[in-house]
Amino acid sequence: MNILAELRRRFSAALAESTDDPEQFAQMVRPAQDPRFGDFQANCAMPLAKLIGTNPRDLAQQIVDKLDVLDLCDPPEVAGPGFINLRLRDDWLEAEVNAIAFDSGLGVQPVETPRKYVVDFSSPNVAKPMHVGHLRSTVIGDALCRILRALGHDVTSDNHIGDWGTQFGMIIYGYKHFLDRSSYETDPVGELARLYRFVNTLCDYPAAKEKLPQLEQRLAELKQQLPQAREQAKSDKKLKKNVKRIESEIRDLAGTDDRAGEIAETQKKIAAVESDLALRQAMQEHPGIARSVRDETARLHAGDDDNTRLWEEFLPQCISALQQVYQRLGITFDMTLGESHYQAQLGPAVDDLAAQGLAVESDGAMCVFIEGNDAPFIVRKSDGAFTYATTDLATIHYRVRELGAQAILYVVDARQSEHFDLLFAAARKWGYAETELKHVSFGTVMGEDGRPFKTRAGDVVGLESLLDEAVVEARKIVDANDDAKPDGPELDDETRSKVAEVVGIGGIKYADLHHNRDSDYIFSWEKMLATRGDTATYMQYAYARVCGILRRGGIDPTELRASGERIRLDEPAERSLGLQLCRFAEALDAVATEYRPNQLTQYLFETANLLSTFYEQCPVLKADDEATRNSRLRLVDLTGRIIQHGLSLLGIDTCEQM
């Protein structure tokens, strides 16, 4: 049972006569921050009393008089100016803990009305190796799929890969002109990635050369304008906005201590070619390469036999390389439908939008205009080419009509927010107003220098190399911990390697998930793999410690669970831990409400802390009597099961020995 949801339901009934929106005020029932004030606390009486013009303490008492909770709670208390404090009945709480202990679902009941979800996450371009930028989408999306399924929803995970765009035009052009045949035969994916980088660098060069003088001239103009603008703002405060605009544009162009500006990034693209002999020669021999790449892409999209054959040769190899990374992360997808899957549907989608008067011609392009946005949502360019917008609209159409999606989640970084705002607005106009379309946005993985996480050479960190390094770092910790055990090491080399893989991969995932997804976060090996604090390693050790207690006691977990021994919550530490275990369903519901996995990580961290406090205050194997020993063994076992299951819903494995 979700205790918090049940209490809120009962408060809503008690508030029905006092307000037209009882659910809004019932949401003000929350877990108590201080156990002296009970287990849960409601502060709805104060804001409601102000709204209707009455005494908040009197209103709180009226709410209590109508509140039907005595089967769950001791009599509620009104405190201070109108707080309502609730303490669960000890006998009810104990019965609930025992019910959870005998429940394979650990107290999590399927939702009454399951929804059909499609979760779109990871979605790399298959022509490029996965890098750290794909990490957050991949682990957040996987966790959401697991948690929504655990709650009883019908979930389809879809890896909407980029398998049709300009990057394939680059690879095809590179294959035809710059291929290293021996490298391709030895490591085809590595050679294709090299070709992509090589051609992409060449394509960037002409535009960067043309753009740099314009940027430098604009910066000089702004610097010249700034003193005068500041002087004018002294006498007219309304002009301060103009000063801020100029300063902001200068920062964007010139950069700051924390990030490079547009001028530096453009100079970098130029230097990449001019400082490299092979690139310089290639640029001289292929001066119109950007146009040539677009032509190769157009031929592929038009069904050219040669380019289609190459695409069909490259694609399986690229997908196989991606799959190796997913396999290591323990992540699977129900479907992997790339952009190519929807190509035949793009023309009909634009035709239907036009037939409904939603897409109109503007400067030769077909556009959907969204109220409140100056820029149109272009669904077909003036040259006849379709856009990401077209593909995304066709994808929504497919997911609703063919998969029956009631909710579609897009786990994509926050920089794409404007695109999704326009996409969802266009989709609603097109007839999908009843479908929940949600951009599950997230921030950037930052290095300890406060900048986007990159290698020392300035390249984006490859995801596979990041996983390798995580396991290496974790192995150091596993070795040190095992070597320091009082009775000597317990793990052989093979086991240490397996534990290091679990700890390293789990550490990376948890470090990402335990942050509010909207925030950027600093990537730190030391913090990520710490055995204390809010880390996967701390939780994994908590589970391993539970297994160790059962092992030292000669306890078979299966027999213990089948024994019928009941859990008692006589001591304060037992009761606190028992209450926390009863809130597992609440934590999962909280994740599903706003699609935030950090709600579950916070719950697991609090659970591990309460388990530690319990160990300090309540001996288990050396309990005073057999009944207490058995009760505490059951409580410890249940805690371990919930920690293990909670971590598994985040895609994180555990080990019985560490």
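Trainee: What should I know before I start?

Mentor: This is a predicted model, where local features need pLDDT of at least 70, side-chain atom pairs count only at pLDDT 80 or more, and totals for chains, interfaces and linings use all residues. Residues are numbered from 1 along each chain as its sequence is written, and side-chain values use heavy atoms, with hydrogens and water left out.

Trainee: Okay, sheets. In what order do the strands of the parallel one come?

Mentor: The order is β6-β5-β10-β11, in an open sheet of four strands with parallel pairing. Strands here are DSSP runs of E with at least two residues, helices are runs of H or I with at least four, and both are numbered from the N terminus. Two strands pair if DSSP finds at least two bridges between them.

Trainee: Which strands stand at the edges?

Mentor: β6 (154–158) and β11 (436–440), each with a single partner strand, so one side of each has no neighbour in the sheet. Neighbouring strands are turned by 20° against each other on average, direction ignored.

Trainee: How many bridges join β5 to β10?

Mentor: Four, between β5 (residues 116–120) and β10 (residues 407–411), which run parallel. Asp-120 stands opposite Tyr-410 in β10.

Trainee: And which helix packs on that sheet?

Mentor: Helix α17 (residues 417–430), which touches β10 and β11. Its direction makes about 175° with that of β11. Contact means heavy atoms within 4.5 Å. Axes are lines fitted to C-alpha atoms, for helices over the stretch in contact, and angles run from 0 to 180 degrees between N-to-C directions.

Trainee: What about the antiparallel sheet, what's the strand order there?

Mentor: β1-β2-β4-β3, again written as an open sheet of four strands. β1 (29–31) and β3 (77–79) are at the edges with a single partner strand each, so one side of each is left without a neighbour in the sheet. The twist averages 30° from one strand to the next.

Trainee: Which residue stands opposite Glu-77?

Mentor: Asn-85 in β4. Three bridges join β3 to β4 (residues 83–86), and the two run antiparallel. Helix α4 (residues 56–66) packs on this sheet, touching β3 and β4, and its direction makes about 170° with that of β3.

Trainee: Switching to helices: at what angle do α9 and α14 pack?

Mentor: About 105°, with their axes 9 Å apart; α9 covers residues 188–235 and α14 residues 305–329. That makes α9 roughly perpendicular to α14. The cut-offs: under 35 degrees is roughly parallel, over 145 roughly antiparallel, 65 to 115 roughly perpendicular, and the rest oblique.

Trainee: Which residues meet there?

Mentor: Pro-188, Val-189 and Leu-192 from α9 meet Phe-314, Gln-317, Cys-318 and Ala-321 from α14. By class, that contact has six nonpolar, one polar and no charged residues. Ala, Val, Leu, Ile, Met, Phe, Trp, Tyr, Cys and Pro count as nonpolar, Asp, Glu, Lys and Arg as charged, and the others, Gly among them, as polar.

Trainee: And how do α11 and α12 cross?

Mentor: At roughly 95°, with the axes of α11 (residues 262–274) and α12 (residues 277–285) coming within 6 Å. That makes α11 roughly perpendicular to α12. Ala-272, Val-273 and Glu-274 of α11 make the contact with Leu-279, Arg-280 and Met-283 of α12. This contact has four nonpolar, no polar and two charged residues.

Trainee: How many residues are in the largest nonpolar core?

Mentor: 181, and Phe-11, Leu-466 and Leu-600 have the most contacts inside it. Its largest share, 16 residues, comes from α9. A nonpolar core is a set of buried Ala, Val, Leu, Ile, Met, Phe, Trp, Tyr and Cys residues joined through side-chain atoms within 4.5 Å. Buried means under 20% relative accessible area, exposed over 50%, partly exposed in between (1.4 Å probe, protein chains only).

Trainee: Last topic: is Ser-122 buried or exposed?

Mentor: Ser-122 is buried, at 6% relative accessible area. Ser-122 sits in the loop between β5 and α6 (135–150), and its phi is near 75°, a positive value in a residue other than glycine. Most residues other than glycine have a negative phi.

Trainee: And where is Asp-363?

Mentor: In the loop between β7 (359–362) and β8 (365–368). Asp-363 has a positive phi of about 55° although it is not a glycine, and Asp-363 is exposed, with a relative accessible area of 77%.
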